[in-house]
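Open the structure in your viewer and get ready to click along. We will visit a pair of helices, then zoom out.

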Amino acid sequence: MNKPLSPSPSNFIRTIIDGDLESGKHKTIVTRFPPEPNGYLHIGHAKSICLNFGLARDYGGRCHLRFDDTNPTRDYEDYMESIKEDVRWLGFDWGEHLYYASDYFDQLYEFAIELIKQGKAYVCSLTQDEIREYRGTLTEPGRESPYRNRSVEENLDLFERMRKGEFADGEHVLRAKIDMASPNVVMRDPILYRIRHVSHPRTGDKWCIYPMYDFTHCLSDALEGITHSICTLEFENNRPLYEWILEQVFPEPHPQQIEFARLNLNYTVMSKRKLLRLVESGVVNGWDDPRLPTISGLRRRGYTPEAIRDFAERIGVAKANSVVDYALLEHCLRDDLNERAERTMAVLRPLKVVITNYPEGQVEYLEGVNNPQDPAAGTRQIPFTREIYIEREDFEEDPPKKFFRLAPGREVRLRFAYFIKCTDVIKDEMGNIIEVHCTYDPETKGGSAPDGRKVKGTIHWVSAEHSLPAEVRVYDHLFTTEDPNEGELLENINPNSLEIITDARVEPRMRSAKPFDRFQFERLGYFCVDPDTTEDRLVFNRTVPLRDTWAKVQKS
RNA sequence: UGGGGUGUAGCCAAGUCGGUAAGGCACAGGACUUUGACUCCUGCAUUCCCUGGUUCGAGUCCAGGCACCCCAGCCA
């Protein structure tokens, strides 16, 4: 039995690395996370980030952050900051190793010339349509370009003039000379460089020819000394090209490309295109909408980096396409928050309770435990008064079976406070319950009865006078279907994915809450302070509800 | 009659030289409980896509099928 070289769960990539380390192929490992800065990072990227940086951490190697900015037609710079912020927030550090593919443009150009000199690349002057036509189909081989046998000198000259800007976009491309009959379409003389008279956010107008992904990526990896270049499954077909290019121009050892299955989660979408569509159509409010699986959305929703890292670890790494249950993500979150979130009481849908035998104007401060999982979190004083609010759903005039909250004649415990018994139900002329009258037992202060009598239910409450008003945003899945990729995207939107409650009440201690602070509202769930919060308006997001066995009982 | 991948429970996923199916989530019971939370117990694949074969023994090896995913951007 081999001793595992790392603490994390076994997966095929670790097996490969263990082998490379044991065989002496590598002394240390170097990985990289190479986003194209053209969108916001999402939980799928988090899987890759945790994988790459996690591997580097566990094996004592390093992980580079490299922006893949080879195609300057997009608005790169805007996204770079958010990507760096998200990686940092997730808890990873690239140290000095921040790179840009565009940093290698000079070297890449030299490698291209080397390929030409070897007679393994040529300038092709077919039009875009012609190139497609010559490429053949999946089942039929392609045909060789009539420009395929240009002399090295002519290719060198043409490529140089391409670089100098003598040609218009699309007039020529540089292609690798491989095999137009290859069953792998990627190998049918792939394009290495194209002409684009566009300035690049980092290199300005220095270049009007830009390298393609396949040419850039393998060489960037090699230049940085990457040992294991981990990417997603769709690049499997590109691996022969990745290796081919390095074999022609780069000395060994070469980085090894390894593909794994990207993350899919049910009830949400992960593609940049679809995310963009949701944002642009206004279905959600920006990239950091708490209903989105973007890192910024999850952060605003109240997710912790620890929970996301734990999730990334639990889902594993494999090559089989799969769809992970959203419930696992939520489980990881609750697991983390349960340990760290301070508890507080909040009433989302207030129902006034008047404790008729409690002295008017009296205020008592009762002690509440801040976190039963963590004694160091201490206690707080909670004001108790004659009039309080309780959750509307904690009272039933005609209680169903197994309901052990408040009902006429029933006694319950107010958390950290007293036992109260319902004596009257006050209704308006429409028959709606507007108030409940109770009596309290002064002997039960703190929540326990000296006579040893028990109550089945404990409910949360808040002082009517002292509590603060708050807005609470309650979220549900953005989509009603498990796989929103099926069918028309916008037709599967859950109309109830956001419920805004404007008249919630929270404990007075929340006056000092700051954006992104996280709490457990007892018996309800975990909530965090939204940055929309202002001096006179508290806004909370429901991060995730507590598990609710009672809700399940009711359904059945 | 193109090529490259992948199939282990409802969902992820481990499974080393073939030695008698880890773990997590979900779910279902029960215990505990001043959160119907947490925690703790218990249950949850006689079988690994199918069919044959090799073997004392197959999820692991061999052969043949089947299903699903990816590839024909001057995107990545």
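Select residues 105-117, which form helix α4, and then residues 152-164, which form helix α6. In this predicted model, the axes of the two helices come within 9 Å and cross at roughly 160 degrees. Angles over 145 degrees count as roughly antiparallel, so α4 and α6 are roughly antiparallel to each other. Now turn the view to look at how they pass: α4 makes a right-handed crossing with α6.

Next, show the side chains where the helices touch. Which residues of α4 meet α6? On the α4 side, pick Tyr109, Ala112, Ile113, Ile116 and Lys117. Their partners in α6 are Val152, Asn155, Leu156, Phe159, Glu160 and Arg163.

Now zoom out and select all of chain A. How many helices and strands does chain A have? There are 13 helices and 25 strands. The radius of gyration of chain A is 31 Å, well over the 24 Å that the globule rule gives for 556 residues, so the chain is more spread out than a compact globule.

For a last stop, colour chain A by burial: buried residues make up 53% of its 556 residues. Then look at which parts of the chain touch. Of the contacts in chain A with a separation of 6 or more, 70% are between residues 24 or more positions apart.

Notes: Residues numbered from 1 in each chain as written. Chains lettered and ligands numbered in written order. Predicted model: local features only at pLDDT ≥ 70, side-chain atom pairs only at ≥ 80, totals over all residues. Heavy atoms only, no water. Axes fitted to C-alpha atoms, helices over the stretch in contact; angles between N-to-C directions. Helix = DSSP H or I, 4+ residues; strand = E, 2+ residues; numbered from the N terminus. Parallel < 35°, antiparallel > 145°, perpendicular 65-115°, else oblique. Left-handed = near helix turned anticlockwise from the far one by under 90°. Contact = heavy atoms within 4.5 Å. Rg over C-alpha atoms; globule rule 2.2 N^0.38 Å. Buried < 20%, exposed > 50% of the residue type's maximum accessible area, 1.4 Å probe, protein only.
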